[in-house]
Amino acid sequence: MSPKVHAAQGALSAAILYPFIGNDALLFGLTVFFIDLDHLIPFVRDCRSLDPKRFFAYHRAVHDYDDYLALSWFHTAEFMLLLWALGFWRHEFRVMLAACLFHILFDVIKALHMGKPFLRAYSFVEYALRREGKRTRHTA
Ligand SMILES: [Zn+2]
């Protein structure tokens, strides 16, 4: 999903939630947007670049490979477990967890719509098990 769509989702969800959860709504909205910063990890690993144009081309190209398996660190079950555990210390991590799940719900709907529900691994364990024989890097 594009950054513009996630920015709109973050702004709209924060506006809707604000009357109910106050300033935590801002954290929720920001998290909905910034969770996708993890997309920088494979791009920098593969392309050794921070060029925004190349970044978007890199991620568009992923959809052209039938055998590609993506891993987005902040979209994994392990990251969700970390946020959940940190939530015992500060409730803000539970707000971030809810925002991540909200964001991922839309990512999954888009993947289903594209007919590529298994393009991304949603766990480091799943990634380790499925990566054999898959393309996991490219430099488009
Ligand atoms: Zn995402």
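**Helix packing and overall fold**

Mentor: Let's start with a helix pair: H5 and helix H6 (residues 92-114) pack at an angle of about 150°, with their axes 7 Å apart. Axes here are lines fitted to C-alpha atoms, for helices over the stretch in contact, and angles run from 0 to 180 degrees between N-to-C directions. Helices (H or I, at least four residues) and strands (E, at least two) are DSSP runs, numbered from the N terminus. This is a predicted model, where local features need pLDDT of at least 70, side-chain atom pairs count only at pLDDT 80 or more, and totals for chains, interfaces and linings use all residues. Residues are numbered from 1 along each chain as its sequence is written.

Trainee: How is H5 oriented relative to H6?

Mentor: Angles under 35 degrees count as roughly parallel, over 145 as roughly antiparallel, 65 to 115 as roughly perpendicular and the rest as oblique. The H5/H6 angle is about 150°. That makes the pair roughly antiparallel.

Trainee: Which residues of H6 are met by H5?

Mentor: Contact means that two C-beta atoms, placed from the backbone, lie within 7 Å. From H5 come Met80, Leu83, Trp84 and Leu86. On H6 they meet Phe93, Met96, Leu97 and Cys100.

Trainee: At what angle do H1 and H2 pack?

Mentor: Helix H1 covers residues 3-21 and helix H2 residues 24-34, with their axes 7 Å apart. They are roughly antiparallel to each other. Their packing angle is about 165°.

Trainee: Which element has the highest mean pLDDT?

Mentor: pLDDT is the predictor's confidence in each residue, from 0 to 100. The chain's mean is 94, and 100% of its residues reach 70 or more. Among the elements, helix H4 (residues 52-62) has the lowest mean, 90. The highest, 98, belongs to helix H5 (residues 77-86).

Trainee: In what order do the elements run?

Mentor: Count them up and you have seven helices and two strands. Reading from the N terminus, the order is α-α-α-α-β-α-α-β-α.

Trainee: What is the radius of gyration of the chain?

Mentor: It's taken over C-alpha atoms, and the globule rule is 2.2 Å times the number of residues to the power 0.38. For 140 residues the rule gives 14 Å, and the chain comes close to that, so it is as compact as a globular protein of that length. The chain's own value is 16 Å.
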